[in-house]
Amino acid sequence: MAGFFLLYLYQIFDMGKNYCISKEVPVVGEYDVVVCGGGPAGIIAATAAARQGARTAMIERFGFAGGMATAGLVNPISVFTYKGESVIGGIPWEFIKNLESLGGGLVEKPLGNVAFEPELYKLCSQRMLLEAGVDLYMNSYLSGCVEKNGRIEAVIIENKNGSEALKARYFIDCTGDADLAFMAGVPMQESEGRPLQPMSTYFILGGVDTDSPLIKEAMHHNKQGENCHCLPVRKRLLELRQTLNMPEFGGPWFCTTLQPGTVSVNMTRTAGDACDNRDYTRAECELREQVFRMAEVLRNNFEEFKGSYVSAVATSAGVRETRRIRGVHTITAQEYVNAFHYQDSISRGAHPIDIHVAKGASQNITFLESPAYIPYRSLIAENFPNLLVAGRCISADKTAFASIRVQASCMGIGQAAGVAAALCNKNGCDVQNTDMNELIDTLRKIGANI
């Protein structure tokens, strides 16, 4: 297992000269499959690959799994059923049932949104991964990759041990921002117009009157074909906006955390690019200010919130949109809204097409007539024989992506990517040559709805 890669890092100084610094990086693990990112897609991808017999590792930048669900407090998990039909099954649904058994999940019937308690989400994720035999590299930041003859040989991570390398036969990018794919040179979708959908920082309020009719109604997301934002509060906030000099807001959406007197709140927003470090830093500072301003507005203007206080702020701003790969197939809006069934369909999606405007309080939302399908070809790119992506960085146009980006859909895609990587490893083939009959049969056997 021991070995070294020689990396060359370039620094450009003020005098305009390039200086080359070489660095030996120890190989600390060799695997069949390495999953980069421990959010909803990554948790399921790593679990699926390991259960199919692949030696699997997962890299996560935080000290816990869950990604936008736990670091971002994005609640609820949307959406598992549609018009009475199960849409996402298998390991993702097993995760929900495990979370429910811990007292950390509430399935909102009939829609199949799942409200959750963030700390139990972390625990449930950790247990599932470890029980599957996944090696975890937490508190580790993906910083680069090593390629040879078009294949990714290793990824480089940074942590308290310094720079380390993990080798693998196959890699799955579940970073949300397509970080590994971008580092490897995978072509990305064109911007399709700017700005991107806005970022939002969720927060949790304690001291809320959760027994009041207004909050009881608003904090359960269980209505088919309806946007679950709190209309009475929204109407009043729009009336007060100029008088109170409020920042731009969305929703608001309130969700139960399964604890009495507490709700998660989704209403802050700012335009920005989370793949630009300086812009992301600016956005997070701005959003944190908005959290406390909005909490004050709610407390001072609504009886239900008069005793409320900020009990938690998301560790990371919620990111709706950044990079998406240009894959073998790009899912189009027409295909998605018409529920086109591909020969290589490997997962589904049922969340409405949900496009938040970068500036202002509006939102463009289109409900689907039928659950859509996701093709395997949107998880892979030409000329990258051992790389798959899962989650919101798959190959889709801006409209289709606006539905695919939610947690349940990402979990379903992660399941397919994990199984595919393990099967490719077993069969010794490139990801472009996956045996689709075997992949589809395997997914069906473990409960996927495809």
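Helices here are DSSP runs of H or I with at least four residues, strands are runs of E with at least two, and both are numbered from the N terminus. What you have above is a predicted model, where local features need pLDDT of at least 70, side-chain atom pairs count only at pLDDT 80 or more, and totals for chains, interfaces and linings use all residues. Residues are numbered from 1 along each chain as its sequence is written, and side-chain values use heavy atoms, with hydrogens and water left out.

Let's start with helix H10, residues 407-427. Now for its surroundings. A residue is called buried under 20% relative accessible area, exposed over 50%, and partly exposed in between, using a 1.4 Å probe and protein chains only. Just past H10 sits glycine 428, with a positive phi of about 65 degrees.

Contact, from here on, means heavy atoms within 4.5 Å. Setting aside neighbours within four places in sequence, serine 409 is in contact with Ser78, Ile88, Arg348, Gly349, Ala350, Ser403 and Ile404. Glutamine 415 is also found in H10, and it is buried with a relative accessible area of 2%. Its contacts, again leaving out neighbours within four places in sequence, include Ile44, Ala48, Ile91, Pro92 and Leu443. Take Ile91: glutamine 415 and isoleucine 91 are 324 residues apart in sequence, yet their C-alpha atoms are 7.0 Å apart in space.

That pair leads us to helix packing. Axes are lines fitted to C-alpha atoms, for helices over the stretch in contact, and angles run from 0 to 180 degrees between N-to-C directions. Angles under 35 degrees count as roughly parallel, over 145 as roughly antiparallel, 65 to 115 as roughly perpendicular, and the rest as oblique. H2 and H10 pack with their axes 8 Å apart, at an angle of about 125 degrees, and are therefore oblique to each other. On the H2 side the contact uses Ile91, Pro92 and Phe95, while H10 brings in Met411, Gly412 and Gln415. For sorting residues, Ala, Val, Leu, Ile, Met, Phe, Trp, Tyr, Cys and Pro count as nonpolar, Asp, Glu, Lys and Arg as charged, and the others, Gly among them, as polar. The contact of H2 with H10 then splits into four nonpolar, two polar and no charged residues.

H2 (residues 91-101) also meets H1 (residues 40-51): their axes come within 10 Å and cross at roughly 110 degrees. That angle makes H1 roughly perpendicular to H2. Here Ile44, Thr47, Ala48 and Arg51 of H1 touch Ile91, Pro92, Glu94 and Phe95 of H2. By class, the contact of H1 with H2 has five nonpolar, one polar and two charged residues.

Most residues other than glycine have a negative phi, and most peptide bonds are trans. Against that background, lysine 109 and proline 110 are joined by a cis peptide bond, with omega about 5 degrees. Proline 110 sits in the loop between strand S6 (105-108) and strand S7 (113-116). A cis peptide bond also joins glycine 251 and proline 252, with omega about 5 degrees, and proline 252 lies in strand S13 (residues 249-256).

Asparagine 383 has a positive phi of about 70 degrees, in the loop between strand S19 (372-375) and strand S20 (387-389). Leucine 73 is buried, with a relative accessible area of 8%, whereas asparagine 383 is exposed at 64%.

One last stop is aspartate 177, in the loop between strand S11 (162-173) and helix H4 (179-184). Aspartate 177 is buried, with a relative accessible area of 13%. Not counting residues up to four places away in sequence, aspartate 177 touches Cys275, Val319, Thr322, Arg323 and Arg392.
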